[in-house]
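Welcome! Please take a look at the model below, and then we can walk through a few of its side chains together.

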Amino acid sequence: MAMAAALRREGRRFAPLVSSSSSILNNAAAAVRSSLLSEGLGPEGARSISTQVVRNRMKSVKNIQKITKAMKMVAASKLRAIQVRAENSRGLWQPFTALLGDVPSIDVKKNVIVTISSDKGLCGGINSTSVKISKGFYKINSGPDKEIKYVILGEKAKAQMVRDSKKDIEMSITELQKNPLNYTQVSVLADDILKNVEYDALRIVFNKFHSVVSFVPTVSTVLSPAVVERESEAGGKLGDLDSYEVEGGETKAEVLQNLTEFQFSCVMFNAVLENACSEQGARMSAMDSSSRNAGEMLDRLTLTYNRTRQASITTELIEIISGASALTG
């Protein structure tokens with residue numbers, strides 16, 4: 001009995017200390033709970049870092065979406081400026097088609113394929129299409145007694161052609177659209193090509209603009225003066241050339257020489273403008289699709305972030321409550 005009374009007296013002596021320690025633990029648990037619930041103040045652990053990764057990904061996707069929207073607006077403004085000029089340039093080569101026709105299937109010994117592409121990417125598959133058609137013409141017109149060379153306009157087609165057709169590239173010209181395109185610039189370029197390559201037929205491969213979401217791969221053929229004269233003597237479409245009267249002291253060979261050079265410069269000017277229109281239209285479509293995809297990805301990331309954050313908070317609350325219950329029990 002005396003021992004029991006002594007234990008009761010000792011319990012009354014330590015009761016204030018136990019209650020004080022319990023209150024301190026409860027206050028600490030409340031502080032930890034509030035810190036976990038506050039944004040960005042949680043401890044660096046596996047649960048908190050997962051939300052941080054998702055948040056960083058959301059930020060990067062938002063930045064990409066801003067860039068794609070801006071690129072779409074820039075492409076739209078450039079397209080409006082080039083489209084009018086491209087439509088007006090169609091009147092330059094159409095008279096030559098009516099006079100000389102267009103014979104892409106003609107069989108000659110020396111072929112030169114002029115592939116027109118863009119200097120910049122992010123414009124869909126227009127450059128790959130031009131390269132594929134150029135390689136297709138190379139296979140169709142290749143033979144033991146034939147010579148085929150490439151003339152490449154644009155950095156993107158050059159990068160693709162160099163991989164497996166480097167030995168067949170006669171000329172390559174880049175940064176063509178660095179300055180606004182005009183006929184003088186293209187005619188100087190066409191004259192440079194005619195001086196540096198020997199040809200019987202020039203085949204210009206480009207993308208013809210139809211609408212913002214539609215472009216048609218096109219091949220225009222320009223024959224050399226000798227081939228034009230040979231075909232006109234053989235009859236057919238080019239046989240109608242003899243029905244025209246030539247004024248002045250120029251011979252028929254000189255007239256055909258001037259005619260083919262002027263035809264090539266006009267076709268080149270139209271082809272470059274048409275391809276530039278197709279490039280901007282394809283870039284608009286590509287950037288619009290990228291912006292939509294970024295929005296959908298952002299929605300999925302937001303849902304993932306909310307679920308992860310809610311699960312993290314719930315888990316921490318359960319741990320705190322379980323710890324507090326264990327201490328009080």
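Is Tyr-183 buried, partly exposed or exposed? Tyr-183 has a relative accessibility of 29%, so it counts as partly exposed. Here, buried means under 20% relative accessible area, exposed over 50%, and partly exposed in between, using a 1.4 Å probe and protein chains only.

## About the model

This is a predicted model, where local features need pLDDT of at least 70, side-chain atom pairs count only at pLDDT 80 or more, and totals for chains, interfaces and linings use all residues. Residues are numbered from 1 along each chain as its sequence is written, and side-chain values use heavy atoms, leaving out hydrogens and water.

## Aromatic pairs

Searching the whole structure turns up two aromatic pairs. Rings of Phe, Tyr and Trp (its six-membered ring) pair if their centres lie within 6.5 Å; planes under 30 degrees apart count as stacked, over 60 as edge-to-face and the rest as tilted. Tyr-138 and Tyr-150 are stacked because their ring centres are 5.6 Å apart and their planes meet at 20°. This pair links distant parts of the chain, with Tyr-138 in helix 3 (residues 126–141) and Tyr-150 in strand 2 (residues 147–153). Helices (H or I, at least four residues) and strands (E, at least two) are DSSP runs, numbered from the N terminus. Tyr-138 is partly exposed at 23%, while Tyr-150 is buried at 1%.

Tyr-183 also pairs with Phe-269, edge-to-face, at 5.7 Å between centres and 90° between planes. Tyr-183 sits in helix 5 (residues 183–196) and Phe-269 in helix 7 (residues 252–328), 86 residues apart. Phe-269 is buried, at 10% relative accessibility.

## Further along helix 7

Gln-310 also lies in helix 7 and is exposed, with a relative accessible area of 55%. Gln-310 and Thr-51 are 259 residues apart in sequence, yet their C-alpha atoms are 10.0 Å apart in space.
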